[in-house]
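Please read the points below alongside the coordinates.

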Amino acid sequence: MDTHSAMQTYARVVELGSFAAAADKMGQARSVVTRQIAYLEQKYGVRLLNRTTRKLSMTDAGRAFYERVRPILAEVADLELSLQAEGQKPSGRLRISAPVSFGILHLGPAIAEYLQRYPDVVIDLDLNDRVVDLVEDGYDVAVRIGPQLDSSLVARPLAPQQLLVCAAPSYLKRHGAPAVPEDLKQHRCLHYAYASTGNEWHFEKDGVTHLVRVNAALRANNGDVLRTAALAGHGIILQPEFLVGDDIRAGRLTALLTGYAHTPISMVAVYPHRRFLSPKVRSFVEHLEERFGSPSPVAPGRRATTRRSR
């Protein structure tokens, strides 16, 4: 009997909790599943599973065996995928998750370029500012901006994003400009609901950190909504350069507190941990690194003439 197949069957029985469920999932007769588990127990001379009419549980040896077998099976699956992918062109459906504003402004054009290069790939793009579960929700890759909390994912760094404080000239004409961060407490602020720092805006100057708890005249979970409100003169906004940089350069928004620095927020491409990536995932991540991989004087998505584009 094939030991590798028996190991796959054992892992499936453990994960599904029964012989019958594993047999159905694998399209095999229950007797075949039973024989494969018996084969492993006889081969290694240990009982792996405790069986009753109502319950199935692992023995201590069975639990240790499962913990060792699981990464081996994953390694073999990745190796098979790598061998199958050797020489293949990227193709098939690629499911991507990305933040709404960045996706509309910059990822969309990048995807258009990617599809020109790899026409056999079909893109399924989901724009959502909430953090999705890549494995559970079935995504191949995601672009994330902000702190990365899931250590089970592979994160490929892209260019960090600078935060900018700004407001429309019409707002500043009515209310004046803050001279120091603490002045923001007296202003109408437009706050991003998913900010990792809550409603505190962080500033730094000469090694001193300034934490300002702002009073939000508008709180929204999308940066475009806040930008629209800022352009209409409704308050002061703190958003990444990729969202408000063009407005500042065009004079539609005015940069504030420019003598104070903000810690840039990270931007990464993340995907489930696999040693060998499919051609479609590998090529797309490489495309993101090429387009957004290093800082430049221009906004992401615009071509720089002296270095790689962001």
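Where is the place of leucine 257? Leucine 257 sits in the loop between strand 13 (254–255) and strand 14. Point 2 takes this residue further.

1. Basis. The model is predicted, so local features need pLDDT of at least 70 and side-chain atom pairs count only at pLDDT 80 or more, while totals for chains, interfaces and linings use all residues. Residues are numbered from 1 along each chain as its sequence is written, and side-chain values use heavy atoms, with hydrogens and water left out. Helices (H or I, at least four residues) and strands (E, at least two) are DSSP runs numbered from the N terminus.

2. Positive phi. Leucine 257 has phi near 50°, a positive value in a residue other than glycine. Its relative accessibility is 9%, so leucine 257 counts as buried (buried is under 20% relative accessible area, exposed over 50%, partly exposed in between, with a 1.4 Å probe and protein chains only). Aspartate 206 also has a positive phi, near 55°, and is likewise a residue other than glycine. Aspartate 206 belongs to the loop between strand 9 (200–205) and strand 10 (208–213). With a relative accessible area of 73%, aspartate 206 is exposed.

3. Histidine 273. This residue is found in the loop between strand 14 (267–272) and helix 10. Histidine 273 is exposed, at 62% relative accessibility. Valine 135 is 138 residues from histidine 273 in sequence, and their C-alpha atoms are 9.9 Å apart. With neighbours within four places in sequence left aside, histidine 273 is in contact (heavy atoms within 4.5 Å) with Ser152 and Val154.

4. Leucine 105. Helix 5 contains leucine 105, which is partly exposed at a relative accessible area of 37%. Leucine 105 and leucine 243 are separated by 138 residues in sequence and by 7.9 Å in space, C-alpha to C-alpha. Neighbours within four places in sequence aside, leucine 105 is in contact with Phe242 and Leu243.

5. Helix 5 against helix 10. Two packed helices are described by the angle between their axes and the distance between the axes. Helix 5 (residues 100–117) packs on helix 10 (residues 279–292) at an angle of about 125°, with the axes 11 Å apart. Helix 5 is therefore oblique to helix 10. Axes here are lines fitted to C-alpha atoms, for helices over the stretch in contact, and angles run from 0 to 180 degrees between N-to-C directions. Angles under 35 degrees count as roughly parallel, over 145 as roughly antiparallel, 65 to 115 as roughly perpendicular and the rest as oblique. Residues of helix 5 in the contact include Phe102, Leu107, Ile111 and Tyr114, and those of helix 10 include Phe284, Leu288 and Phe292. The contact of helix 5 with helix 10 divides into 9 nonpolar, 3 polar and 5 charged residues. Here Ala, Val, Leu, Ile, Met, Phe, Trp, Tyr, Cys and Pro count as nonpolar, Asp, Glu, Lys and Arg as charged, and the others, Gly among them, as polar.

6. Helix 1 against helix 2. Helix 1 (residues 3–16) and helix 2 (residues 19–26) have axes 8 Å apart and pack at an angle of about 120°. The two helices are therefore oblique to each other. Thr9, Arg12, Val13 and Leu16 of helix 1 make the contact with Phe19, Ala21, Ala22, Lys25 and Met26 of helix 2. By class, the contact of helix 1 with helix 2 has 6 nonpolar, 1 polar and 2 charged residues.

7. A search of the whole structure finds 12 salt bridges (a side-chain nitrogen of Lys or Arg within 4 Å of a carboxyl oxygen of Asp or Glu). Glutamate 67 and arginine 70 form one of them, at 3.1 Å from N to O. Both lie in helix 4 (residues 60–85), 3 residues apart, about one turn of the helix. Aspartate 246 and arginine 249 form a salt bridge at 2.8 Å, N to O. These two lie in helix 9 (residues 241–250), 3 residues apart, about one turn of the helix.

8. Aspartate 247. The closest N and O atoms in the salt bridge of aspartate 247 with arginine 252 are 2.8 Å apart. Aspartate 247 is buried, with a relative accessible area of 1%, whereas arginine 252 is partly exposed at 41%. A network of salt bridges links Arg227, Asp247 and Arg252.
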